[in-house]
Amino acid sequence: MSTPETSVLKNLDEVRAMIRRHKLNDYIFSIVGLIALMVGLLTLLTLFLDLVMDGYPRFSQEFLTNFPSRRAGSAGLLTAWVGSLLVMTVTFVTAVPLGVAAGVYLEEYAPKNWFTDLIEINVSNLAGVPSIIYGLLALGLFVYILDLGQSILTAGLTLALLILPVVIVTTRESIRAIPVSIREGAYAVGATKWQVVSDHILHYSFGGILTGIIIGMARALGETAPVITIGALTFIAFLPPAPIMAEPPFLNFEWLQSGFTVLPIQMFNWLSRPDHAFHTNAAATGAIIIMVTLLMNGTAIWLRYRIRKNIKW
Amino acid sequence: MSMATEVLNNPLELRISDRLAKNFRRHFKERVIEFILMMAALSAVATTVGIVAILLYESAGFFAHVSIVDFLTDTQWTPLFEDAHYGILPLVMGTLVTSGIALMVAVPLGTIAAIYLSEFASHRVREICKPILELLVGVPTVVFGYFALLFVTPMLQKIFPELPGFNMLGPGIVMGIMIIPYISSMAEDAMRAVPMSMREGSYAMGATRFQTAVRVVAPAATSGIIAAYILGISRAVGETMVVAIAAGQQPTMTINPMEGAATITAYIVQVAMGDLPHGSIGYQSIFAAGLVLAFMTLFFNLLGHLARKKYREAY
């Protein structure tokens, strides 16, 4: 027998049960979501520990100062890290001025018309082009048509084109964050456009641009496919000519034409050998690459966080 | 007469001409600077033109030897053999299978992570998790290749003992983990763009967070989420080192992920590692393969762009 009161109470119990169930769903999903996020973090951690543990026997000073060798135990990274350093120098010198200039043009100078739209579409499309396609461009254009050969210069220019969209996009973003009042203030005291840009805009956006440059350079350091495609050699037992000389003119640019290898290619080479002793070398190289790139990316992220926190216009 | 007295005699006139001269210099300098900056911006256009021109030019040499019909229908890819076949299908198949596996990993995980970050996570959790995902994006792909070949594949071999050392499953999974951050960050952006009033309406009806996220926010952000998936596909299709290291180099027409197979990108790497003479058919074949790859990524990028545009217009 049910009176109206008991049926309402029963109903209320049902509603409470439903709410509990839904709350439980919420709770379950927040755990599932956290696990999904953790997959990335755990992979990163496993990857890092795996490399460090596998490569541990090779962590020594000789590993950094030895030339590559047919014996895994005495093979070293000297040519690879010197090559990476020189290639990245070329990339830096090319990509930074070009990317920052392009970003400044698109944000401060470009009129609103189809031509500017065309450039913008191009930049965003280039960011989606697979890196190996840049390698093919460099193989056809730099290596054969411009006849630069399979040199440090070619590799540096290729990687510069590759990271150009990154530099352009971050430059634009950090310039866009500067309030118009800064520009108006400068114009009001008679500054020309270039004076506004060089004295104010670049000054205020420096931190943001720097994060973009660091992220771009970290990418250039780890990029393998385009450098393989242009035909970087994998067994290099010599160093390029030194860029700095004791006598005048002090600078020597012969190294630009030199053959080279870089860290990721050396790693790939050791990894693709059947002899397992070389896999240890590959792991040690991987550990070094990942440490440097994580450090660079971490610096960039930290820098961006600092800038966001500190800027009060 | 000295300059000073001249200025004193006729101060106004000189000052104006002085200013005019300076203005001319200033204007000229401004123009030159603007021109230089424009040239820098044009380097992006030049790069695109360069890519298209080189791919078409070298592929033209390839298609002078190989008919396009054979290229698109033959099921064997053996350009470096005596009995040469030039069918791109096995490479396309390898690319699609590895990308498909990657998506099967990345789509559920990326979507859940995005919903969690956008609707559930506290400000602090978000501040910690997003940089970590960004770090994952920064890890060089050659390192992921090592991981796929010497960590993930041996682990999978414990579950499937018959799995060969080179297979598409391991690198596919690793690639999937690699593209989670791309999908989650884009999908999260799309969901955060959903106006707060829609969530408030849902909460006012007594819906829970989970119900709001799945039945209100996610449907409203569908086109943005789909754009994230499509751009994820595009990343996976163009990914090179993971598959070149761990999926094997043998072009095989198969959809079985337990077998090894070469992808378009792996083939390009394999040929570039060797020393093929400039202008030979093998050399030209990597440009033809690259052209197909460029078309595939362009297709996905355009599709993703359209989908993204749609969600931007929605509100």
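My entries below go chain by chain, then to the contact and the core.

**Ground rules.** I am working from a predicted model, where local features need pLDDT of at least 70, side-chain atom pairs count only at pLDDT 80 or more, and totals for chains, interfaces and linings use all residues. Residues are numbered from 1 along each chain as its sequence is written, while chains are lettered from A and ligands numbered from 1 in the order in which they are written.

**Chain A.** I looked up the secondary structure and found 11 helices and 0 strands in chain A. Helices (H or I, at least four residues) and strands (E, at least two) are DSSP runs, numbered from the N terminus. For overall dimensions, the C-alpha trace of chain A spans about 105 × 70 × 35 Å along its principal axes. Its radius of gyration is 27 Å, whereas a compact globule of 313 residues would be near 20 Å. That radius is taken over C-alpha atoms, and the globule rule is 2.2 Å times the number of residues to the power 0.38. Of the 313 residues in chain A, 44% are buried. I call a residue buried if 20 or more other C-beta atoms, placed from the backbone, lie within 10 Å of its own.

**Chain B.** Here I counted 13 helices and 0 strands. The C-alpha trace of chain B spans about 100 × 70 × 35 Å along its principal axes. Buried residues come to 48% of its 315 residues.

**Where the chains touch.** Two residues are in contact if their C-beta atoms, placed from the backbone, lie within 7 Å.

**The core.** A nonpolar core is a set of buried Ala, Val, Leu, Ile, Met, Phe, Trp, Tyr and Cys residues joined through C-beta atoms within 7 Å. Which members of the largest one touch the most others? Among its 181 residues, they are B:Tyr146, B:Val174, B:Ile183 and B:Ile245. Helix 4 (residues 89-120) of chain B supplies the largest share of this core, 16 residues. I followed up B:Ile183: leaving aside neighbours within four places in sequence, B:Ile183 is in contact with B:Ala106, B:Val107, B:Gly110, B:Ala228, B:Tyr229 and B:Gly232.

Methods: A residue is buried if 20 or more other C-beta atoms lie within 10 Å of its own, exposed if 12 or fewer, and partly exposed in between; C-beta atoms are placed from the backbone.
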